[in-house]
Amino acid sequence: MSASRDEGEPHRGAAAGGPSPRPRSLAHKLKSLMAHRKDARGRAYVSRTLSQAVDDLPDPPATTSFALIAKLAGGQQDNPTIKTVLALCRALGDVPPAYLLPHPGYDDLAALEAFENPLARRVLVLLGDLPESEVRKVIAQLEDRRRTLGLPAVPDDGPGAEQPKRARRRRTKTEAAQYAADALEGL
């Protein structure tokens, strides 16, 4: 299983217990992916570079304009076609498409990437009917095995997971002029 967890990318586990967390929106998840995945030049994606990455896909499932990507990431549009979601996920490094769904069970990108592995799915099926105490024992054994193999620990992300910074809205020329005038009056 090679579930990759991007450095600094926020993830939230669905099995943290307690009340069900509010699902993160498509805009939130897309902005997070764009900020933490790198384009061909090694930079974080912006709408234009992600649009170009979709166009550069071999046999792209859809063309996606940078304006559409900006609307999706900004939350002005939240109902893309399946072809658009598939294209964005492929361009962002084969992200599982379920990640972009607004459901708390799909907020954990590392788990969804692990689920892509048939062996991981088999383990989940085997764990399915076990009592919780047995599942916890298996988890402890797997954590110990990871330590023995020198693999990094898998964090147990909870509801306090890091949230991406919200972009500041740019002032219009009129708002900027009013702000400057108000600042000068205060001198």
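## Surface and make-up

The protein chain exposes about 13000 Å², and carbon and sulfur atoms supply 55% of that area. Accessible areas here come from the Shrake-Rupley method with a 1.4 Å probe, and for residues only the protein chains shown count as cover. Keep in mind that this is a predicted model: local features need pLDDT of at least 70, side-chain atom pairs count only at pLDDT 80 or more, and totals for chains, interfaces and linings use all residues. Residues are numbered from 1 along each chain as its sequence is written, and side-chain values use heavy atoms, with hydrogens and water left out.

Of the 187 residues in the protein chain, 30% are buried. Buried means under 20% relative accessible area, exposed means over 50%, and partly exposed is in between (1.4 Å probe, protein chains only).

## Fold at a glance

The protein chain has eight helices and zero strands, so the run from the N terminus reads α-α-α-α-α-α-α-α, where helices (H or I, at least four residues) and strands (E, at least two) are DSSP runs numbered from the N terminus. As for contacts between residues at least 6 apart in sequence, 58% join residues at least 24 apart; contact means heavy atoms within 4.5 Å.

Helix H7 covers residues 132-149, which is 18 residues. From its first C-alpha to its last, H7 reaches 26 Å, close to the 26 Å expected at 1.5 Å a residue (the expected span is 1.5 Å times one less than the number of residues). Just after H7 comes glycine 150, with a positive phi of about 80°.

## Loop residues, in and out

Threonine 64 sits in the loop between helix H2 (47-55) and H3, yet it counts as buried because its relative accessible area is 1%. Leaving aside residues up to four places away in sequence, threonine 64 touches Ser51, Val54, Asp55, Ile69, Thr84, Ala87 and Leu88. Threonine 64 and glutamine 52 are 12 residues apart in sequence, with 8.4 Å from C-alpha to C-alpha.

Asparagine 79 is in the loop between helix H3 (66-74) and H4, and it counts as exposed because its relative accessibility is 63%. Its C-alpha is 8.8 Å from that of leucine 26, across 53 residues of sequence. Aspartate 94, in the loop between H4 and helix H5 (109-115), is exposed too, at 56% relative accessible area. Phi of aspartate 94 is near 60°, a positive value in a residue other than glycine. Most residues other than glycine have a negative phi.

Alanine 67 belongs to helix H3 and is partly exposed, with a relative accessible area of 38%. Alanine 67 and arginine 48 are 19 residues apart in sequence and 8.2 Å apart in space, C-alpha to C-alpha.

## Cavities

The count comes to two cavities of 30 Å³ or more. On a 1 Å grid over the protein atoms alone, a cavity is a set of points where a 1.4 Å probe fits but cannot get out, and lining residues have an atom within 4 Å of a point. Grid points are joined across faces, edges and corners, and a volume is the space filled by probe spheres set on the points.

The second largest cavity has a volume of about 30 Å³, and its lining is Leu26, Leu30, Leu72, Pro80, Val85, Leu88 and Leu100. Helix H1 (26-36) and helix H4 (82-91) are the elements that give two or more residues to that lining. By class, the lining has seven nonpolar, no polar and no charged residues; Ala, Val, Leu, Ile, Met, Phe, Trp, Tyr, Cys and Pro count as nonpolar, Asp, Glu, Lys and Arg as charged, and the others, Gly among them, as polar.

Methods:
On a 1 Å grid over the protein atoms alone, a cavity is a set of points where a 1.4 Å probe fits but cannot get out, and a pocket is an open set with protein on both sides within 12 Å along at least five of seven lines; lining residues have an atom within 4 Å of a point.
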